[in-house]
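Subject: Structure handover and findings

Hello,

Here is the structure for your files. My notes on what was found in it follow below.

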Amino acid sequence: MATYNEEAPTLDTYHAVVSAFSDFLTVAIHTILYERDIYPRPSFVTARKFNYPVRQSRHPKVCKWIQDAVAAVEVEILKCALSAVSLVIHAPPPSSAALERFLFSTAAFPSVPSSELLTTFADNPPPAGDLPEQFRATLARLSTLSSSLSPLPSDCSFTLVAELRDEGGVQPPLGANTPWIAAEPGLQKQRKTRDAAQNESEVGRATNVGKGLGGFRTTPVRSLESGAFAMELWIEEGKAKFEEHMC
């Protein structure tokens, strides 16, 4: 797990804001995997992060996957390309339906030109003294809410999904040399771009687009705000989770 300065970070640049988010996202993913029993609990160890006891997978491949996934997310957020990141838990095959989404909204992050990632914000915010405290409170609530959710079936899988901003010029980071692939239609939202408007009839025929978004039941976790750092976290439980054959 990445190291984190336990002292209050100074969120005076966009790069610092994104770095703080990436560090928290790493801890949150480990926490969710533990609380939702995606892997056996004995495969996790107790660690400390943000001066708070947390769980961390001790399997090297799981840790490497999380590290690489968060690094790929960080690249896109530094481009100001994402509005949200979600950890999606899928049912086992053959359905592989989206059962739960833990959504981290970064829509309120500032939009900064690539040449100014390390430029101090004009208002020069003071150190975010309460941000580690907010992280601790969020992890505690996340653990409480996760343990109160209805159980998941055995052998679930998970993935990390990035949602693009609607602004013009934001393109999906797809290609041979990127770690990203297109999400299944049910987890894709209809983007409000000129291209989407031109192809409205085609999108309308794709009846599965966005069906996995929104959830059958939504539970807010917490809003965090400190200086330029502004994030919301909530849990969406999909309809498939409550269908009889999933129970």
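A residue is called buried here if its relative accessible area is under 20%, exposed if over 50%, and partly exposed in between, with a 1.4 Å probe and protein chains only. By that criterion, 45% of the 247 residues in the protein chain are buried. The model is predicted, and local features need pLDDT of at least 70, side-chain atom pairs count only at pLDDT 80 or more, and totals for chains, interfaces and linings use all residues. Residues are numbered from 1 along each chain as its sequence is written, and side-chain values use heavy atoms, with hydrogens and water left out.

Overall layout

The protein chain has five helices and seven strands; these are DSSP runs numbered from the N terminus (helices H or I, at least four residues; strands E, at least two). Read from the N terminus, their order is α-β-β-α-β-β-α-β-α-α-β-β. Taking contact as heavy atoms within 4.5 Å, 72% of the contacts with a separation of 6 or more are between residues 24 or more positions apart.

Salt bridges

The whole structure contains ten salt bridges, each defined as a side-chain nitrogen of Lys or Arg within 4 Å of a carboxyl oxygen of Asp or Glu. Three of them are described here.

- E100 pairs with K241, with 2.5 Å between the closest N and O atoms. This pair links distant parts of the chain, since E100 is in strand β4 (residues 98–105) and K241 is in the segment after β7 (229–237), 141 residues apart. E100 has 0% relative accessibility and counts as buried; K241 is buried as well, at 6%.
- E236 and R101 form a salt bridge at 2.5 Å, N to O. E236 belongs to strand β7 and R101 to strand β4, 135 residues apart in the chain. Both E236 and R101 are buried.
- R217 and E237 form a salt bridge in which the closest N and O atoms are 2.9 Å apart. R217 lies in strand β6 (residues 217–226) and E237 in strand β7, with the two 20 residues apart. R217 is partly exposed, with a relative accessible area of 40%, whereas E237 is buried at 1%. Through shared partners, salt bridges join R36, E100, R217, E237 and K241 into one network.

Strands count as paired if DSSP finds at least two bridges between them. β6 and β7 pair in the antiparallel sense over nine bridges, and L224 has M231 in β7 as its bridge partner. The two strands form a hairpin with two residues between them, and G227 in the turn has a positive phi of about 65°.

Nonpolar core

A nonpolar core is a set of buried Ala, Val, Leu, Ile, Met, Phe, Trp, Tyr and Cys residues joined through side-chain atoms within 4.5 Å. The largest one has 59 residues, of which Y14, F21, L33, F102, F104 and F229 touch the most other members. Helix α1 (residues 14–35) gives the most to this core, with 14 residues. Leaving aside residues up to four places away in sequence, F21 touches V73, I77, V85, F104, T106, F109, F229 and M231.

Regards
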